[in-house]
Amino acid sequence: MSTLDTKTAEPAAPAATARTPRGRRRDPRRPRTAGHVPFGRRLRRDRALLLMTVPALVLVVVFNYVPILGNVVAFQDYDPYLSTNGVTAMLESPWVGLGQFERVLSDPGFWHAVENTLVLFLLQLVLFFPVPIALALLVNSVLRPRVRAVVQAILYLPHFFSWVLVITVFQQILGGAGIIAQTLRQHGHEGFDLMTDPAVFPFLVTAEGIWKDAGWGVIVFLAALAAVNQDLYEAAAMDGAGRWRRMWHVTLPALRPVIALLLVLRVGDALTVGFEQLLLQRDAVGPGAAEVLDTFVWWTGLRSQDFSYAAAAGLVKGVVGLVLVLSANKTAHLMGEQGVYRT
Amino acid sequence: MTPNAVSTDSRRSTPSRSGSGQSRRGFLASTAVAAAVAAGGAPLLTACGGGGSGSGKKDGTTTGKDAAKLLPAFVASTVVAPDIAPKNGSAAGFTRAIPGAELKASVTGRRGKGGALTIMAPFWGPPPAPDNPYYKAMNEAIGVRATWQNQDGNVYDQKLGAVLASSEIPDVVVVPGWNLGGRIPSAVDAKFEDLGPYLSGDKVKAYPNLAAIPTDAWQRSIFGGTLRGLPMPASYVTNIAPFYRKDLFDAKGWQLPKNADEFLALAKEITSAKAKVWACGDMTWTAYNMFGVLSGSDKALGWNLVDGKLVNRIETPEYLEALEWTRKLFDAGVVHPDEKTQNQGDTGNRFTAGQCLIYNNDLSHWYAKTSEQAARNASFAMAAMDIPGHAGGLPKLWATNPANIWAFIRKGSSKAVIEDALAVADFTAAPYGTKERMLTDYGVEGVHHTVKNGLPVKTDKGNQEVSSSWMFVASPAPYIAHPDTPEVTRAMTEWQQRMGAVTSKSSFYGMTVTEPSRWTGLMNDFEQLEKDIVRGRKKVSDMQQAVSEWKTKGGDELRDWYRKLLDTNGSAAS
């Protein structure tokens with residue numbers, strides 16, 4: 001997030017020189033911060049901006065930070081029904097140290113869920129991730145505003161469909177009694193059923209994801225494309241660069257920081273591959289193909305009230321996610337990109 | 001559950017209710033209340049509370065002398081003699097409509113003290129507005145201000161787990177037996193009030209309709225050695241009926257199958273994928289009944305004493321045979337493809353649409369689908385076939401429980417709240433032929449139903465609002481009453497009687513057993529495995545593997561534990 005902070009801070013402190021008040025030379029790699037302005041003054045100066053962040057901050061604290069405290073149940077044998085409310089029950093539940101983690105890590109069901117999660121992640125990374133970029137380039141190449149608006153609307157629309165609807169639409173088209181299968185049957189061929197085939201399932205999930213969300217993913221790339229200085233294209237064209245060369249030497253380099261940023265975020269989220277979508281289709285192909293970490297946590301936690309076990313599994317997932325995002329960020333730095341943040 | 005489901009819920013169980021085909025939850029969705037899982041949903045969620053001999057014990061059951069101290073006295077109350085007397089465990093059938101002027105009052109005056117009451121209950125389908133005319137009329141008649149918190153019945157177990165863990169528990173909470181999984185039984189003991197001081201022995205006589213609830217339903221309501229639940233009594237005969245499209249069967253001259261092989265052959269004949277017609281839905285539950293598999297509706301019901309040894313349903317050859325046979329149906333392509341996904345709506349809809357000509361579900365669907373189609377498809381006719389024995393002849397069926405859904409009152413409620421809740425229960429448990437029953441089942445005349453030729457017929461508003469909810473707080477002895485379709489009422493009751501004639505009770509019939517918590521998760525994965533096997537994703541041998549793992553992980557110890565329970569408490573089996 002600090003990239004954003006520095007961006008907002010920079011225009012506000014145009015006078016900042018390369019020297020800090022203490023006279024030390026700033027690390028040139030470090031973006032400038034407003035660190036040299038006294039805290040109280042900054043507070044007054046930025047109060048409007050700070051106020052604007054309050055609602056978001058409250059949300060983050062209430063829904064992200066406070067629940068972190070609940071993770072203590074991962075080290076307990078938590079029984080929420082021991083007491084009048086969940087918090088006092090937490091105080092009364094016995095501590096079991098790392099017992100729940102031992103259970104999680106020795107549970108083949110957990111590892112199976114990890115495996116499914118990673119397979120889906122890799123598949124989505126390869127098949128899904130490039131799609132919004134390609135679409136953005138495509139939309140960007142459409143010059144007529146009206147056509148462009150229509151294309152964009154069509155691309156964004158599926159994002160607003162619920163998963164229930166998306167899955168039903170796919171079922172109606174690709175299911176065993178779907179349009180395609182029935183049409184084939186009516187013409188004397190065999191029908192098929194793509195919706196209940198565990199082998200096809202990872203591709204099905206990816207396809208559903210692309211249909212629903214690839215268009216939405218275009219937005220951020222379009223924003224990046226809009227920021228490209230048009231003079232560069234002109235200059236490149238003057239130098240005799242054709243369409244492909246302009247894309248290769250101007251457009252894609254302009255998108256690179258955004259791509260790197262999103263890639264890092266995506267990798268950090270590797271263990272989150274869609275919850276509702278998979279839960280809805282869990283019965284259609286069985287947990288063998290559809291159980292991912294999130295559905296595993298849901299199943300063990302809420303269905304059997306084994307909250308401690310689910311919390312432990314969730315914590316493992318969180319820690320692995322943190323390691324992933326840190327290493328992906330590091331990798332981005334090594335490749336000369338800004339990544340999500342620099343320290 | 002069936003009779004209640006039938007009498008009160010069937011009208012609600014329109015196909016529009018949610019539900020994903022054959023998943024257990026989906027099934028309930030379409031069946032309305034209950035009975036649920038009977039034929040085979042997983043034992044997954046079923047242990048019930050009960051407290052050893054003597055109260056205070058966290059696991060076990062309460063029977064005999066200890067139970068006698070807790071059970072309410074029984075005072076029969078019949079306002080109208082049933083047209084079809086109960087037999088072989090069936091419900092009582094009422095085929096005649098009672099004219100409004102002849103309806104009796106079973107409750108004198110308004111029993112409630114006018115207090116506010118929050119009630120949480122499962123609901124399948126889109127729930128009515130919170131203060132609709134039906135709820136208002138009921139509140140007015142009972143003398144309470146009840147507010148309903150209707151929750152999606154399909155995911156009620158999750159909601160229940162979360163609500164009971166919070167400090168915001170509603171005054172009255174409805175808990176179906178199939179949601180008693182994981183730690184819920186311990187929550188029931190910890191969070192709900194002991195009703196003994198209000199209902200045990202002769203005290204119940206202050207509530208005449210509750211006093212008329214059969215004792216075996218009360219027996220099921222003892223949790224943790226304490227009388228905690230207000231039961232919804234049910235016939236113990238299996239509630240899962242295999243329905244077929246009688247109109248289409250007659251037109252094509254198809255004969256009902258007499259054994260498992262004939263069923264498969266007929267299914268192949270019926271199926272014409274090209275014409276978008278498949279023979280059946282997921283028939284797993286019927287397969288369990290055809291092959292005589294012990295009931296899966298309750299963990300304790302799944303145990304039976306065979307030659308001096310307790311055997312669990314999953315260890316029986318019948319269980320594997322039933323799965324194998326159902327797998328053949330899927331294999332042969334006679335099952336509607338959408339049944340495989342279990343996320344494509346209700347099988348009942350495919351049945352009425354003629355895309356699937358046989359399906360199994362709660363007996364109450366017989367009336368619900370018939371009355372729903374009456375206005376839409378004049379030629380529509382359906383019936384339940386008698387469950388065929390897998391090798392021909394009669395099947396061997398196992399009893400479900402005489403009550404499998406309860407309302408509980410929050411622990412620490414004031415006396416006023418408890419008495420108001422009991423006033424609601426006494427009202428909704430009124431027998432057929434009373435004003436209370438009429439209002440509960442048919443709503444307000446002119447708003448929720450009209451009377452045509454002396455028969456009450458529900459209006460659209462009635463179908464929408466008069467559903468579910470109130471009868472969950474308590475219901476009378478099992479009954480089936482659909483005066484608008486007397487022939488269906490008769491057929492349903494008689495089906496129960498024929499099936500009841502071949503029904504036996506397993507060793508723990510009628511007991512509410514709480515398993516020690518270390519074993520409550522043992523069977524969690526079996527329901528899924530059953531689905532995987534019949535759908536061809538796993539092999540029957542995987543089940544054998546799972547069963548042997550179950551034994552070593554605690555199944556054998558659990559057997560010993562149940563054995564001790566049986567030796568201490570005796571069996572209710574017959």
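**Exercise 1.** Which residues of H6(B) are buried?

*Solution.* This is a predicted model, in which local features need pLDDT of at least 70, side-chain atom pairs count only at pLDDT 80 or more, and totals for chains, interfaces and linings use all residues. Residues are numbered from 1 along each chain as its sequence is written, while chains are lettered from A and ligands numbered from 1 in the order in which they are written.

Step 1. A residue is buried if 20 or more other C-beta atoms lie within 10 Å of its own, exposed if 12 or fewer, and partly exposed in between, with C-beta atoms placed from the backbone. Helices (H or I, at least four residues) and strands (E, at least two) are DSSP runs, numbered from the N terminus.

Step 2. List them: B:Ile184, B:Pro185, B:Ser186, B:Ala187, B:Val188, B:Asp189, B:Ala190 and B:Lys191.

Step 3. Conclude. In helix H6 (residues 184–191) of chain B, 8 of the 8 residues are buried, so the helix is largely enclosed by the rest of the structure.

Step 4. Find the cover. It includes helix H5 (156–165), strand S4 (172–176), strand S5 (222–223) and strand S15 (403–409) of chain B. Contact here means C-beta atoms, placed from the backbone, within 7 Å.

**Exercise 2.** Describe how H12(B) packs on H13(B).

*Solution.* Step 1. Take the geometry. Helix H12 (residues 284–291) of chain B and helix H13 (residues 317–331) of chain B pack at about 135 degrees, with axes 9 Å apart. That angle makes H12(B) oblique to H13(B). Angles under 35 degrees count as roughly parallel, over 145 as roughly antiparallel, 65 to 115 as roughly perpendicular and the rest as oblique.

Step 1. Name the partners. From H12(B) come B:Thr284, B:Ala287, B:Tyr288 and B:Phe291; from H13(B) come B:Glu318, B:Glu321, B:Ala322, B:Trp325 and B:Thr326.

Step 2. Sort them by class. The contact of H12(B) with H13(B) has 5 nonpolar, 2 polar and 2 charged residues. Ala, Val, Leu, Ile, Met, Phe, Trp, Tyr, Cys and Pro count as nonpolar, Asp, Glu, Lys and Arg as charged, and the others, Gly among them, as polar.

**Exercise 3.** Summarise chain B.

*Solution.* Step 1. Count elements: 22 helices and 19 strands.

Step 1. Check burial. Of its 574 residues, 61% count as buried.

Key:
Axes fitted to C-alpha atoms, helices over the stretch in contact; angles between N-to-C directions. Contact = placed C-beta atoms within 7 Å.
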